[in-house]
Amino acid sequence: MSQPASAAAREPTDPPGSVVDFSTTWTATRPGELVLSSSPPGREVSTLKSRQKSMVLTRAIGLTLLLLLGMLSPSNAAEADLRAIIAKFATASNFSATEAVVRELVATGDTAVERPLGALAEGDLYVRKADSLVFIGKAAGGSVALLDPLSGEKSGDAAKSEITKIKVNNTLRRAIRDALGTLTLGAKDPAARIAAADTMFKTPDATNIEPLDAAIASETVGSVKALLEQARAASVMVSDRPEADKLAAVALIGGRGDRNALSLLTAVEANSEGAVKDAATAAIANINSTLALWDAGQNIWYGISLGSVLLLAAIGLAITFGVMGVINMAHGEMVMLGAYTTFVVQEVIRNSFPGLFDWSLVIALPLAFSVAALVGLVIERGVIRFLYGRPLETLLATWGVSLILQQAVRTIFGPTNQEVGNPSWMSGSFGIGQLAVTWNRLWILVFALGVFAVLLYVMKRTPWGLQMRAVTANRRMAASMGIRTPWVDALTFALGSGIAGIAGVALSQIDNVSPNLGRGYIIDSFMVVVFGGVGNLWGTLVGAFSLGIVNKFLEPYAGAVLGKIVVLVLIILFIQKRPRGLFALKGRSVEA
Amino acid sequence: MRGSFSTITKMLSAGAVTAGLLMSFPARAADDTIKVGILHSLSGTMAISETTLKDAMLMLIDEQNAKGGLLGKKLEAVVVDPASNWPLFAEKARELISKDKVAAVFGCWTSVSRKSVLPVFSELDNILFYPVQYEGEESERNVFYTGAAPNQQAIPAVDYLMSEDGGSVKRWVLEGTDYVYPRTTNKILEAYLKAKGVAAEDIMVNYTPFGFSDWQTEVSAIKKFGSAGKKTAVVSTVNGDANVPFYKELGNQGIKAEDIPVMAFSVGEEELAGLDTAPLVGHLAAWNYFQSIDTPENAKFIADWHKFIKNDKRTTNDPMEAHYVGFNMWVKAVEKAGTTDPDKVIDAVIGVSVPNLTGGYSTMMPNHHITKPVLIGEIQADGQFETVSQTPGLVMGDEWSDYLADSKDLISDWRAPLSCGNFNVATGKCGGKGTN
């Protein structure tokens, strides 16, 4: 590694006592640890003149020791000190006063402050009105369970009216996060160390170098070590270290190659001069060219993801409109019914079986299919079967049905959005290089392709699919071969509706669950089916993905509004040229 | 294709008219009641927001009747459904005024619906109380604006973000839905930010269509814009349904409020009800009322609301408070004038002061806007807002923005002798034109 070894590691000669001489903040309270230390502080420390600087360094060294020794429980004296500081939260009347208390807590360098500070950041720190004592509160039913801020042990209950929450805002949360970053460097969990390294990378500070050096020295996991080294490099950039160190740091940060590195280097470029500035400029150019490539990759991924949503929304319509030729304006409402089924399933699970929440979507799938298929069946038997061969009437009637369904849902569930939660396996994102892939989008893609495959199998490989295709191709011939065409019609429509219903389960994860849900997808669905070629499932697949990708490539340049208009214009032009869409059906059915 | 589309439109409006007729209460020709019109969409896209306001109005009218009515008469609500259809708003307004002979109308949500009913109200000389925050650049004799003007929401919100408490933001993303309110508000904000010394390259403006649901590109653009080494914030005028997928994408892409806070002007308790807010803690909203406000008036209002709607989980929000204030102002003005005659009430309501729900008083100013406190709240894990900043006093609604070249010389004063909604102080003439 090119960066210089830490001061402490370079000259491990002085006895630990010299530190105690000029600082009693915390080293004095833990003499035992100093004696035990295998890496005593160096001479450079004891010769420093500035009191403030020495305090900082001492703290840093103290941290080092703590890191090396693991978490020792604080002695009683230290605990009393901490408690005295924590008690000050009760009298802090505004955010800056609270922040001052936070800083004081962090200045003790004691890892025990992690618990109260973490609770504060989460908004879980309370003051009991009766005696102004500070507690961590965990809501438990109607009352709040009070926990000791240091030990975390339960020390009673309180009604919500008996306690006041200590308010936090973003600035305070950030301050706490930065402070905890330093404190959690030595955590046992590698994820916590990664988070600490990340925080310290984003908030470089010259005083971070020492604890980072120690952490790097004791780090055993390679990937964490690299992150720690990058965090150290970030801090070197804002310190007064020699130019050579900084150049090495720029190289290290540049190697990271992500947006955070770019952000940091931009700031470095603006604030430095000479060789460092040039190195930063070069590194920025380098990162930008890599990121441009990743941006293209990102657009493709976003396009595929949008395509999968379009495919899901349109695939049911590919059956009802594509195969059966029914202009079904109530298709979007089937999607909505599926989403509402998911909501109802989740409500039941929340109230009765909270442990099953992660399975809620799996449970909702068959139910959503059944509900939507049943409604579809009723619509077909009740309305559409009287209107075969009269497209305009079908359009108006299904539009009417869609209004009825919307208003019915509005009356039953109310006009407001309903909350459908993401199961844990569909939350958050992971990175591939500089590409952030969100789990819900990935699962929706997998799901859309799965539904497509199943549908394709049903259509091409099952007797039912054969009957469906036969009825579509030539109704009278099919009927004379003994196929009960009315039932095939009804079941086909129910299948298309049911597929729309399970699309609703997936869409509830990324969109509003409101009575208007379906309205947003109806135009897009028709667009996909018409573009892909009516009556062809593969056309729907290709149509959905190509529209998605074109849309997402246009969006960064043209904006979302203009992008959509351009796509519509392109489709109009395309339909002029190829009225039957991408994959036109050939044969007798087309002429019929 | 063209034929079928116009048929769809006809079908739609026919359906909406029928629905509207069914909804409107039969008009009873009785002299012992005072009729109050409620013009909020109960179906269509805006029903999500407006239905709540209709219920809030019915509750307020019920309460007033329980207190003995007004001028010794009972109040009677006349509810119509304009079905989120802008031209239908004008038709329904005409029906309320000419046929049902209402004394005043409480209604509208979107600016386009308000613009659509304006000519009807001035022609038939009636009163509209408009309860939603809007873009300003308007002051009409027949309209009372009880929602926030830009200087009662947008400007203080930006000021907060610029302050040390708000994180000393240096770089701005103005993200909005593509229609009149976000466009005008962003125009005002851009001018304001530039006046505060923000460089043009530190401002990014982006618009998305109504009901937009695929936010991946926009959110990653925000991430990219935010990685330029300066503190960045998003000012969001994204409206209605599009907010839920927007916040979901923010949460999933891991944008934390500590890094890039989003300040929203159209996200209230109602919108958050459809979301798991745990990943959104710390994102901000600027309003003049939050349900979490701890005052006795608000506690009573919430309790009454839960009792009226028979659901403890229903939230209250800022436009509901605006109706609360507006309705009480109208009641007081009618009592002051001794009549419900709109002409007299329009004069009487100026200067009327009623308690608001945040522990102070709101007063109707001569420009037909009211005084309000401005609150900045952070989203909490329980879907409520926690106030993190509040203007020291009340802010008076400024209809003509001082930051737009077209409107900075305009003022509005509906008291005699000026009686003008767009008086140009530079030329000394009535009849100036604002930005839209």
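Q: How many helices and strands are there in chain B?
A: Chain B of this predicted model has 12 helices and 19 strands.

Q: How compact is chain B for a protein of its length?
A: Compare its radius of gyration with the globule rule. For 436 residues the rule gives 22 Å, and the radius of gyration of chain B is 22 Å, so chain B is as compact as a globular protein of that length. Along the principal axes, the C-alpha atoms fill a box of roughly 70 × 55 × 50 Å.

Q: What share of chain B is buried?
A: Burial is read from neighbour counts: 20 or more other C-beta atoms within 10 Å make a residue buried. In chain B, buried residues are 56% of the 436.

Q: What share of the contacts in chain B joins residues 24 or more positions apart?
A: Take the contacts in chain B with a separation of 6 or more. Of these, 69% are between residues 24 or more positions apart.

Q: Where does chain B have a cis peptide bond?
A: The general idea comes first. Most peptide bonds are trans. In chain B, the bond joining B:Ala416 and B:Pro417 is cis, with omega about 5 degrees. B:Pro417 lies in the loop between β17 (410–413) and β18 (420–424) of chain B.

Q: Which residues have a positive phi although they are not glycine?
A: Start again with the general idea. Most residues other than glycine have a negative phi. B:Ser168 has a positive phi of about 50 degrees. B:His368 has one of about 70 degrees.

Q: Where is B:Ser168, and where is B:His368?
A: B:Ser168 sits in the loop between α5 (154–162) and β6 (171–177) of chain B. B:His368 sits in the loop between β12 (361–363) and β13 (371–372) of chain B.

Q: Is B:His368 buried or exposed?
A: Count the neighbours. B:His368 has 25 other C-beta atoms within 10 Å, so it is buried. B:Ser168 has 13 C-beta neighbours inside 10 Å, so it counts as partly exposed.

Q: How many residues of chain B are in contact with chain A?
A: On chain B, 51 residues are in contact with 56 residues of chain A. Elements of chain B that each supply at least two residues of this side are α1 (2–23), α2 (47–66), β7 (203–208), α7 (216–225), α8 (243–252) and β15 (385–390). The largest share, 7 residues, comes from α7(B).

Q: Which classes of residue make up the side of chain B that touches chain A?
A: That side has 22 polar, 16 nonpolar and 13 charged residues.

Key
Residues numbered from 1 in each chain as written. Chains lettered and ligands numbered in written order. Predicted model: local features only at pLDDT ≥ 70, side-chain atom pairs only at ≥ 80, totals over all residues. Contact = placed C-beta atoms within 7 Å. Helix = DSSP H or I, 4+ residues; strand = E, 2+ residues; numbered from the N terminus. Nonpolar A, V, L, I, M, F, W, Y, C, P; charged D, E, K, R; others polar. Rg over C-alpha atoms; globule rule 2.2 N^0.38 Å. Buried ≥ 20, exposed ≤ 12 C-beta atoms within 10 Å, placed from the backbone.
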